[in-house]
Amino acid sequence: MFDLTGKCALVTGASGGIGGEIAKALHAAGATVGLSGTRVEPLEALAAELGERAHVLPCNLSDPEAVDALPKQAAEAMGSVDILVNNAGITRDQIFMRMSDDEWQSVLDVNLTSTMRLCRGVMRPMMKARWGRIINISSIVGATGNPGQANYAASKAGMVGLTKSIAYEVASRGITANAVAPGFIATAMTDKLTDDQKGKINAQIPANRMGMPEEIAAAVLYLASSEAGYVTGSTLHVNGGMAML
Amino acid sequence: MSDVADRVKKIVVEHLGVEEDKVVENASFIDDLGADSLDTVELVMAFEEEFGIEIPDDAAETIQTFGDAVKFITEAS
């Protein structure tokens, strides 16, 4: 099950906790992986850890030209892009009344517009190949909202609408588009929380713990597989029961 | 019939699965040959590959019929 031998996957935000695990899971299933992100050092460390079938593809997702160029660079490095995982995202939290245009726009640009550009960039070859997997990493917040995150929540909800529309258009061509919506996931960012803060978060989660990056990666691996060919336009919520959608 | 027209017709017949005699000068891909909008995008991609040309999106939108396609490609190649 879930053998990705011969497939090539482009993962954005691969320098982060969740993106790194996604890349590892796809790689372990046999895929060649293109590791994209802004910070080159962690990408190279990950590529070194993975060994063969790993390519470092640095990209600044707030630069539209760089984003448009990325699918081509990835295809040149790997041979094709069969699987696209839009995982990169930023937050710029602010209560809505004080949210500046820049705080709004920068989050929308990186999280939503770059996702759109990358999806558009990989579509042609996927159409020709009659096979493709698009997996957009949304967030529980895109479905539930979150105070202080109007920009982030809007971008993550936008990704779901984008994903569904793409899914409709290309379903007949063997291409699926799905979203994964993580809840609270333990990463370097959440490590900084105090035990008290962690306790409060865990109390809101029926599973009574934060999720692991590997648990998001497993959802992505499933959606990337040939076995998931009949699953499209869906959002897979991985949140320990925090929101049952 | 020109060589270009023959090659375009072959692509249309193969891609849309229509009878060759339906592919006439004024045959609209969508209205007469049963293409959907995604089919028209794929036809343009196939034309680009066959003839080694680039068909920009705004030009692609003007290619509605078999005749349009032959005319555009003849002029472009």
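Q: Let us begin with a helix in chain A: what covers the buried residues of H1(A)?

A: Before the answer, two remarks on the ground rules. This is a predicted model, in which local features need pLDDT of at least 70 and side-chain atom pairs count only at pLDDT 80 or more, while totals for chains, interfaces and linings use all residues. Residues are numbered from 1 along each chain as its sequence is written, chains are lettered from A and ligands numbered from 1 in the order in which they are written, and side-chain values use heavy atoms, with hydrogens and water left out. Helices (H or I, at least four residues) and strands (E, at least two) are DSSP runs, numbered from the N terminus, and contact means heavy atoms within 4.5 Å. The cover of the buried residues of H1(A) includes S1, strand S2 (32-37), helix H2 (40-50), strand S4 (83-86), strand S5 (132-137) and H9 of chain A.

Q: How many residues of H1(A) are buried, and which are they?

A: A residue is called buried under 20% relative accessible area, exposed over 50%, and partly exposed in between (1.4 Å probe, protein chains only). In H1(A), nine of the twelve residues are buried, so that the helix is mostly covered; among them are A:Ile18, A:Glu21, A:Leu26 and A:His27.

Q: What span does H1(A) have, and what span is expected?

A: The expected span of a helix is 1.5 Å times one less than its number of residues. Helix H1 of chain A, residues 17-28, reaches 17 Å from its first C-alpha to its last, close to the 16 Å expected. Just after H1(A) comes A:Gly30, which takes a positive phi of about 110 degrees.

Q: Which residues of H1(B) are buried, and where do they lie around the helix?

A: Helix H1 of chain B, residues 3-16, has 14 residues and reaches 20 Å, close to the 20 Å expected. Its buried residues are B:Val4, B:Ala5, B:Val8, B:Lys9, B:Ile11, B:Val12 and B:Leu16. Seen down the axis of H1(B), these buried residues fall within an arc of 165 degrees, so they line one face of the helix; the arc is that of the directions from the helix axis to the C-beta atoms. The buried residues of H1(B) pack against helix H2 (37-51) and helix H4 (66-76) of chain B, while the face turned away from the buried side carries the exposed residues B:Lys10 and B:Glu14.

Q: How many aromatic pairs are there over all chains?

A: Rings of Phe, Tyr and Trp (its six-membered ring) pair if their centres lie within 6.5 Å; planes under 30 degrees apart count as stacked, over 60 as edge-to-face and the rest as tilted. By this rule there is one aromatic pair over all chains. The rings of A:Phe2 and A:Tyr222 have their centres 5.7 Å apart and their planes at 65 degrees, so the pair is edge-to-face. A:Phe2 lies in the segment before strand S1 (8-11) of chain A and A:Tyr222 in helix H9 (residues 213-224) of chain A, so the pair ties together parts that are 220 residues apart in sequence.

Q: Which charged residues sit over the ring of A:Trp131?

A: A charge sits over a ring if NZ of Lys or CZ of Arg is within 6 Å of the ring centre and within 35 degrees of the ring normal. A:Lys7 lies over the face of A:Trp131 at 3.8 Å from the ring centre, and the charged end of A:Arg133 sits over the ring of A:Trp131, 4.3 Å from its centre.

Q: What does the side chain of A:Asn178 reach, and is A:Asn178 buried or exposed?

A: A polar contact is a pair of N or O atoms within 3.5 Å; within protein, one must be able to donate a hydrogen and the other to accept it, and residues adjacent in sequence count only if both atoms are side-chain atoms. A:Asn178 lies in strand S6 (residues 175-182) of chain A and is buried, at 0% relative accessibility. The side chain of A:Asn178 reaches the backbone oxygen of A:Val231 at 2.9 Å, and makes a polar contact with the side chain of A:Ser234 at 2.8 Å.

Q: Where does A:Ser155 lie, and what polar contact does its side chain make?

A: A:Ser155 lies in helix H6 (residues 150-170) of chain A and is buried, with a relative accessible area of 0%. The side chain of A:Ser155 makes a polar contact with the side chain of A:Asn111, at 3.2 Å.
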